[in-house]
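Colleague: I would like to go through the charged pairs and the helix packing of this model. Please show me the sequence and the structure before we start.

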Amino acid sequence: MRWLLVLAALFVSQAVLAAPGVDALTMTPGTDGQQTYTLSLQVLLLMTALSLLPAALIMMTSFTRIVIVLSILRQALGTAQTPSNQILIGLSLFLTFFIMGPVLSQVYDTAVQPYLADQITAEQAIDAAKLPVREFMMAQTRDDDLALFARISGKEAFVNEADVPFTLLMPAFATSELKTAFQIGFLLFIPFLVIDLVVASVLMSMGMMMLSPLIISLPFKIMLFVLVDGWALVLGTLATSFYV
């Protein structure tokens, strides 16, 4: 529940936060005695902000790197749909909550909780919530990716990290996460590729060219992955890669 409040506080617009209440319907009396009912714009803004939460989860957290690495790992193992997409997404989601826990807790303590207690204004809450998220994203963003989008936007002169707008930081962060995820996936793919090549070479030398190498190599790849405690190594490496 705390994480949902934190994500909602990051993306609900200032107009919605500053409003003392959200009116669902507005009644306007007409000159002929009729009444006109209109939906408040605040509700539209609120629903739009809530619809951005999945995009925020994907583009501003560790979710993208984790789910891509796990998908490449499944492809390298050659186990088709095992683990299933639901398991990979669920595992990525809960590992994301684990990695983003300190950031979200800091946002909740410094922004959401004081705002709910009427200790700070909406603008102050938004500014306070941006700081830990910005620090996390900046730590994972490559300088060349940041410079690329800064050059495209025509804003290349930044005195410090606080001057980098979120509209520029978000695509740079997403690009860096894609690069990192594919680099980790490449390193995971190499040992399984070696096993496939060895098995294919052995089968060809034995004249068993009609037998699929995948049938023979799959048990060896699973055995190797289990013996080295692969899931613990992969998930542990992914978790520590954000704070090294």
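Colleague: Are Arg-65 and Glu-177 buried or exposed?

Modeller: This is a predicted model, in which local features need pLDDT of at least 70, side-chain atom pairs count only at pLDDT 80 or more, and totals for chains, interfaces and linings use all residues. Residues are numbered from 1 along each chain as its sequence is written, and side-chain values use heavy atoms, with hydrogens and water left out. Buried means under 20% relative accessible area, exposed over 50%, and partly exposed in between (1.4 Å probe, protein chains only). For Glu-177 the relative accessible area is 0%, and Arg-65 and Glu-177 are both buried.

Colleague: What do the side chains of Arg-65 and Glu-177 meet in?

Modeller: Side chains of opposite charge can pair when their charged atoms come close. The criterion here is a side-chain nitrogen of Lys or Arg within 4 Å of a carboxyl oxygen of Asp or Glu. Arg-65 and Glu-177 have an N to O distance of 2.6 Å, and their side chains meet in a salt bridge.

Colleague: Which helices does the pair of Arg-65 and Glu-177 tie together?

Modeller: Helices (H or I, at least four residues) and strands (E, at least two) are DSSP runs, numbered from the N terminus. The two parts are 112 residues apart in sequence, with Arg-65 in α5 (residues 63–77) and Glu-177 in α9 (residues 166–205), so the helices tied together are α5 and α9.

Colleague: Which residues is Glu-177 in contact with, leaving aside its neighbours within four places in sequence?

Modeller: Contact means heavy atoms within 4.5 Å. With those neighbours left aside, the partners of Glu-177 are Thr-61, Ser-62, Arg-65, Gln-140 and Phe-242.

Colleague: Which residue forms a salt bridge with Lys-179?

Modeller: The closest N and O atoms are 2.7 Å apart, and the partner of Lys-179 is Asp-145. Lys-179 lies in α9 and Asp-145 in α8 (residues 143–153), so this pair joins parts that are 34 residues apart in sequence.

Colleague: How many salt bridges does the count come to?

Modeller: Another pair is Asp-196 with Lys-221, at 3.3 Å from N to O. The pair links distant parts of the chain, Asp-196 in α9 and Lys-221 in α10 (residues 213–227), 25 residues apart. Asp-196 is partly exposed, at 23% relative accessible area, while Lys-221 is buried, at 1%. By the distance rule the count of salt bridges is 3.

Colleague: Why is α9 oblique to α10?

Modeller: Axes are lines fitted to C-alpha atoms, for helices over the stretch in contact, and angles run from 0 to 180 degrees between N-to-C directions. Angles under 35 degrees count as roughly parallel, over 145 as roughly antiparallel, 65 to 115 as roughly perpendicular and the rest as oblique. The axes of α9 and α10 are 9 Å apart, and the two helices pack at an angle of about 140 degrees. That angle makes the arrangement of α9 to α10 oblique.

Colleague: How many nonpolar, polar and charged residues does the contact of α9 with α10 have?

Modeller: The α9 side of the contact includes Phe-192, Ile-195 and Asp-196, and the α10 side includes Ser-217, Phe-220 and Lys-221. Ala, Val, Leu, Ile, Met, Phe, Trp, Tyr, Cys and Pro count as nonpolar, Asp, Glu, Lys and Arg as charged, and the others, Gly among them, as polar. By class, the contact has 10 nonpolar, 1 polar and 2 charged residues.
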